[in-house]
Structure formats: C-alpha cells, structure tokens
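Please read them with the structure open beside the text.

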Amino acid sequence: QVQLVESGGGLVQPGGSLRLSCAASGSSLSAYLVGWYRQAPGRQRELVASVTPEGVTDYLEFAKGRFTISRDNAKNAVYLQMNSLRPEDTAMYYCNGYDLIQTRNYWGQGTQVTVSS
C-alpha cells in the first residue's frame, strides 16, 4: 500500500503556470500506473493525464499541448506541469496510483487549483 500527498496548488492568473506534485510514501510508485484527475464543483471527476511505469504518457484533449505529466522514481513522485492555464481549469486536482499487481487504487487528498484574474 502507498500513501499519496498532493501539493503545489494555488491561485494563478489566466495564462499562468503551476506545477503539481504527488509525493508517495509507504511503497514505491515505480510499478504503479499514475494518473492526475480533477473535479470542479458540480462536475464529475475526470482524468487529466496518466503515466505508465515505463514512462508512457497520455492526455485528455483539453490537456494536450498545455499539461505535462512526468515521474521521478528517485524521489518517488509524479508531477503535473500546467501551462497556459484557463479559468475552466479551476478544480480540485487528485493524484491516483494504481497497483498493477494487487489491482488496487490509491488516492491523495487533493490540491486546489484556482485560475482567476
């Protein structure tokens, strides 16, 4: 089992950038499928980006060209670099780690991102 803690959220202006961090403890994230999700008020949680243990990334359409997911196994962390932020990006962002061996999901507590002028 692994514990996940997100950080890096905050208030930014439209067009600004932010880097979110997902720090893991208790177990290594190296063998996990990791995804960043977001949930805005009144909306369901949606996937933003994912990265496989091999480093293969995938993005939803709204994130392509603006967001970058990466992992640093030495630091046991996964990051989400967000550029060209828009007000509609405002949401609570969550880190999810999927244990491919035990087929279990683990969630962080979330970090708030607010894009406003």
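Which side chain meets that of Arg-38 in a salt bridge, with 2.9 Å from N to O?

1. In this model, which is a predicted one, the partner is Glu-46, whose side chain meets that of Arg-38 at 2.9 Å, N to O. Arg-38 is buried, and Glu-46 is buried as well.

2. Arg-38 also takes part in a salt bridge with Asp-89, again given as 2.9 Å from N to O. Because Arg-38 belongs to strand β4 (residues 32-39) while Asp-89 sits in the loop between β8 (77-82) and β9 (91-99), this pair ties together parts that are 51 residues apart in sequence. Asp-89, like Arg-38, is buried.

3. Asp-89 in turn forms a salt bridge with Arg-66, where the closest N and O atoms are 2.8 Å apart. This pair, too, links distant parts of the chain, since Arg-66 is placed in the loop between β6 (57-59) and β7 and lies 23 residues from Asp-89, in the loop between β8 and β9. Both Arg-66 and Asp-89 are buried. Through shared partners, the salt bridges join Arg-38, Glu-46, Arg-66 and Asp-89 into one network, and the structure holds three salt bridges in total.

4. Turning to the strands, four of them form an open sheet in the order β1-β3-β8-β7, with antiparallel pairing. The edge strands, each pairing on one side only, are β1 (3-7) and β7 (67-72), and the twist from one strand to the next averages 15°. Between β1 and strand β3 (residues 18-25), which run antiparallel, there are five bridges; Glu-6 stands opposite Cys-22 in β3.

5. A search of the whole structure for aromatic pairs finds two. One of them is formed by Tyr-32 and Tyr-106, a tilted pair with 6.3 Å centre to centre and 55° between the planes. Tyr-32 is in strand β4 and Tyr-106 in strand β10 (residues 104-107), so that the pair links distant parts of the chain, 74 residues apart. Tyr-32 counts as buried because its relative accessibility is 4%, and Tyr-106, at 12% relative accessibility, likewise counts as buried.

6. Charged groups also sit over aromatic rings: the charged end of Arg-19 is placed over the ring of Tyr-79, at 4.3 Å from its centre, and the charged end of Arg-45 over the ring of Tyr-94, at 3.9 Å from its centre.

How values were computed
Residues numbered from 1 in each chain as written. Predicted model: local features only at pLDDT ≥ 70, side-chain atom pairs only at ≥ 80, totals over all residues. Heavy atoms only, no water. Pairing = 2+ DSSP bridges. Helix = DSSP H or I, 4+ residues; strand = E, 2+ residues; numbered from the N terminus. Axes fitted to C-alpha atoms, helices over the stretch in contact; angles between N-to-C directions. Salt bridge = Lys/Arg side-chain N within 4 Å of Asp/Glu carboxyl O. Buried < 20%, exposed > 50% of the residue type's maximum accessible area, 1.4 Å probe, protein only. Phe/Tyr/Trp six-rings, centres within 6.5 Å; stacked < 30°, edge-to-face > 60°. Lys NZ or Arg CZ within 6 Å of the ring centre and 35° of its normal.
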